[in-house]
Amino acid sequence: MGVKISALASATTPLAGTEIAPIVQSGTTVSVSVRNIASSFSTTVTKTANYTLVSTTDFAVICTNAAFTITLPTAVGIQGRQFVIKNGNTLASGYAITLATNSSQTIDSAVPGTILPLNSITVISDNANWWII
């Protein structure tokens, strides 16, 4: 039987992001890089002006107080990375958030569009483009 996580000694050296962790599910072991695990615990930021998401730290962005543009980082090299973009503007404000990508990258095989007030979008990288999930 395995060891409980609570019984493990504390690590004193930060992980470099290149380590591989074995994950067992339904009897199948899959190796997952620590970087992919860490990306699930990234930060939420609130923005009120144009902003480009940071692939290594941002996870969710809440947009308020204006109409502006949120630019996704390049999808290349971050396969599986997800971002949530929420337009926190009120319906009365009418402020839409414009979503942009790098170069000619697409979202669901189309050019990016806008996010209306009180709506959100979650996208994931396939290592070349973005997909709505």
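This is a predicted model: local features need pLDDT of at least 70, side-chain atom pairs count only at pLDDT 80 or more; totals for chains, interfaces and linings use all residues.
Colleague: What does the chain average in pLDDT?

Modeller: The average is 81, and 68% of the residues score at least 70, on a scale where pLDDT is the predictor's confidence in each residue, from 0 to 100. Over residues 36-40 the pLDDT is below 50, and beyond near neighbours in sequence that stretch has three contacts in the model, a contact being heavy atoms within 4.5 Å.

Colleague: Switching to strands, which ones does β10 pair with?

Modeller: Strand β10 (residues 120-125) runs antiparallel to β7 (residues 82-87), with five bridges between them, and antiparallel to β11 (residues 130-132), with three bridges. Here strands are DSSP runs of E, at least two residues long, numbered from the N terminus, and two strands pair if DSSP finds at least two bridges between them.

Colleague: And what sits opposite valine 123?

Modeller: Phenylalanine 83 does, while serine 125 has tryptophan 130 in β11 as its bridge partner. β10 and β11 form a hairpin with four residues between them, and asparagine 127 in the turn has a positive phi of about 85°.

Colleague: What about the open sheet, what is its strand order?

Modeller: The order is β4-β6-β8-β9, with mixed pairing. β4 (51-52) and β9 (114-115) stand at the edges with a single partner strand each, so one side of each has no neighbour in the sheet.

Colleague: Which residues have the most contacts inside the largest nonpolar core?

Modeller: Among them are Leu53, Phe83 and Trp130, in a core of 20 residues; such a core is a set of buried Ala, Val, Leu, Ile, Met, Phe, Trp, Tyr and Cys residues joined through side-chain atoms within 4.5 Å. β5 (58-63), β7, β8 and β10 each supply at least two of its residues.

Colleague: Last one: is asparagine 89 buried or exposed?

Modeller: Asparagine 89 is buried, with a relative accessible area of 3%, where buried means under 20%, exposed over 50% and partly exposed in between (1.4 Å probe, protein chains only). Asparagine 89 lies in the loop between β7 and β8 (97-100), and beyond its neighbours within four places in sequence its contacts include Cys63, Tyr95 and Leu118.

Methods:
Residues are numbered from 1 along each chain as its sequence is written. Side-chain values use heavy atoms; hydrogens and water are left out.
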